[in-house]
Amino acid sequence: LFRSFMLMFSRQLYKSFRTQIEKKQWERHYIDYPAFELYGKTISLFGMGRIGSRIAKLAKGLDMHVLAM
């Protein structure tokens, strides 16, 4: 689920879907917003318990830098 959200936000799909819903038309390849890479980006995590350590592991799988507090 975390990876899905990260990819959705990096591709800005939520804006694209919202635009299509407002226009009430669905286009399969409608992405009008710029995307950015997750590779090399930094993610900050507060707490490294069970959930934080799992998110850190998933972020490392996307080659992201992890800052844990």
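**A walk around helix H3**

When I say helix or strand, I mean DSSP runs numbered from the N terminus, with H or I of at least four residues for helices and E of at least two for strands.

A quick word on where this comes from. This is a predicted model, in which local features need pLDDT of at least 70 and side-chain atom pairs count only at pLDDT 80 or more, while totals for chains, interfaces and linings use all residues. Residues are numbered from 1 along each chain as its sequence is written, and side-chain values use heavy atoms, with hydrogens and water left out.

Now the overall layout. The protein chain has three helices and two strands, and along the sequence they come in the order α-α-β-α-β.

How do the strands E1 and E2 run? They are parallel, with four bridges joining E1, residues 42–45, to E2, residues 65–68. Strands count as paired here if DSSP finds at least two bridges between them. To get from E1 to E2, the chain passes through helix H3, residues 50–61, in a right-handed β-α-β crossover. Right-handed means that, with the strands pointing away from you, the path from the first strand over the helix to the second runs clockwise.

So let's stay with H3. This helix has 12 residues and spans 17 Å from its first C-alpha to its last, close to the 16 Å expected at 1.5 Å a residue. That expected span is 1.5 Å times one less than the number of residues.

Which residues of H3 are buried? They are Gly52, Ala56, Leu58 and Ala59. These four sit on the same side of H3, because they cover an arc of only 165 degrees around the axis, taking the directions from the helix axis to the C-beta atoms. Turned away from that buried side is a face with the exposed residues Arg50, Lys57 and Gly61. For the cut-offs, buried is under 20% relative accessible area, exposed is over 50%, and partly exposed is in between, with a 1.4 Å probe and protein chains only.

That brings us to the inside. The largest nonpolar core has nine residues: Phe2, Met6, Leu38, Ile43, Leu45, Ala56, Leu58, Ala59 and Met64. Helix H1 (2–11), E1 and H3 each give two or more residues to this core, and H3 supplies the largest share, three residues. A nonpolar core here is a set of buried Ala, Val, Leu, Ile, Met, Phe, Trp, Tyr and Cys residues joined through side-chain atoms within 4.5 Å. Leaving out residues up to four places away in sequence, Ala56 touches Leu45, Met48 and Val66, where contact means heavy atoms within 4.5 Å.

Gly47 is in the loop between E1 and H3 and is partly exposed, at 32% relative accessible area. Beyond residues up to four places away, Gly47 touches Gly52 and Met69. Tyr39 is in the loop between helix H2 (13–23) and E1. Is Tyr39 buried or exposed? Tyr39 is exposed, with a relative accessible area of 60%. Even so, Tyr39 is in contact with Leu62 and Asp63, leaving aside neighbours within four places in sequence.
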